[in-house]
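Dear colleague,

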Amino acid sequence: MSHLFLYQIVGIGLFIIGLYGLWRNRHCWAVITFLQLMSSGILLSFLAITRTKGAYQSVSELIVIFIFAVLIIEILLAIVFTYKVLMSDSSSNSDDKSNRG
């Protein structure tokens with residue numbers, strides 16, 4: 001069995017696990033995590049396909065590195081926005097308690 005075939009199988013597996021997770025879970029963090037898992041599977045399959053062609057191997061690796069950088073920025077933005085929402089909720093809850101009594 002070729003290594004490229006195994007990469008394709010793992011990529012498809014990651015995509016299917018991510019798709020199942022999106023279907024089963026609706027929590028914000030879980031959706032972001034499963035989207036990341038699906039994109040990792042797609043990128044792994046993309047690299048395996050371009051390795052077989054060989055002509056544009058360095059360009060395809062640069063594209064994958066760029067996409068991973070965008071995905072990391074997406075996760076960091078999700079963390080920042082979630083932190084902001086949690087902090088605004090906790091401050092509004094403490095204001096409500098102080099106004100009541």
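**Findings**

Helix 3 (residues 57–100) is the largest contributor to the nonpolar patch, supplying five residues. The patch lies on the surface and consists of Phe 46, Val 59, Ile 63, Phe 66, Ile 67 and Val 70, which together have about 490 Å² of accessible area. One of these residues, Ile 67, belongs to helix 3. Its relative accessibility is 30%, so Ile 67 is classed as partly exposed.

Please note that the model is predicted. The mean pLDDT of the protein chain is 81, and 87% of its residues reach 70 or more. Among the elements of the chain, helix 1 (residues 3–24) has the highest mean pLDDT, at 90, whereas helix 3 has the lowest, at 77.

As regards the overall fold, the protein chain contains three helices and zero strands, and its pattern along the sequence is α-α-α. Of the 101 residues in the chain, 18% are buried. The accessible surface of the chain comes to about 7,600 Å², and carbon and sulfur atoms account for 72% of that area. Among contacts with a separation of 6 or more, 56% are between residues 24 or more positions apart.

Two further sites may be of interest to you.

The first topic is Ser 45, which is located in helix 2 (residues 28–53). Is Ser 45 buried or exposed? Ser 45 has a relative accessible area of 12%, and it is therefore buried, the cut-off for this class being under 20%. When residues up to four places away in sequence are not counted, Ser 45 touches Gln 8, Gly 11 and Ile 12.

The second topic is aromatic pairing, for which the count comes to one pair. The pair is formed by Tyr 20 and Trp 23, whose ring centres are 5.9 Å apart. Their planes stand at 50 degrees, so the pair is classed as tilted; planes under 30 degrees apart would count as stacked, and those over 60 as edge-to-face. Tyr 20 and Trp 23 are both in helix 1, and because they are three residues apart there, about one helical turn separates them. As to accessibility, Tyr 20 is partly exposed, with a relative accessibility of 49%, while Trp 23 is exposed, with a relative accessible area of 60%.

Yours sincerely

Methods: Residues numbered from 1 in each chain as written. Predicted model: local features only at pLDDT ≥ 70, side-chain atom pairs only at ≥ 80, totals over all residues. Heavy atoms only, no water. Patch = residues over 30% accessible without salt bridge, like charges linked within 9 Å, V, L, I, M, F, W, Y side chains within 5 Å. Areas by Shrake-Rupley, 256 points an atom, 1.4 Å probe, with all protein chains shown as cover. Salt bridge = Lys/Arg side-chain N within 4 Å of Asp/Glu carboxyl O. Helix = DSSP H or I, 4+ residues; strand = E, 2+ residues; numbered from the N terminus. Buried < 20%, exposed > 50% of the residue type's maximum accessible area, 1.4 Å probe, protein only. Contact = heavy atoms within 4.5 Å. pLDDT = per-residue confidence, 0-100. Phe/Tyr/Trp six-rings, centres within 6.5 Å; stacked < 30°, edge-to-face > 60°.
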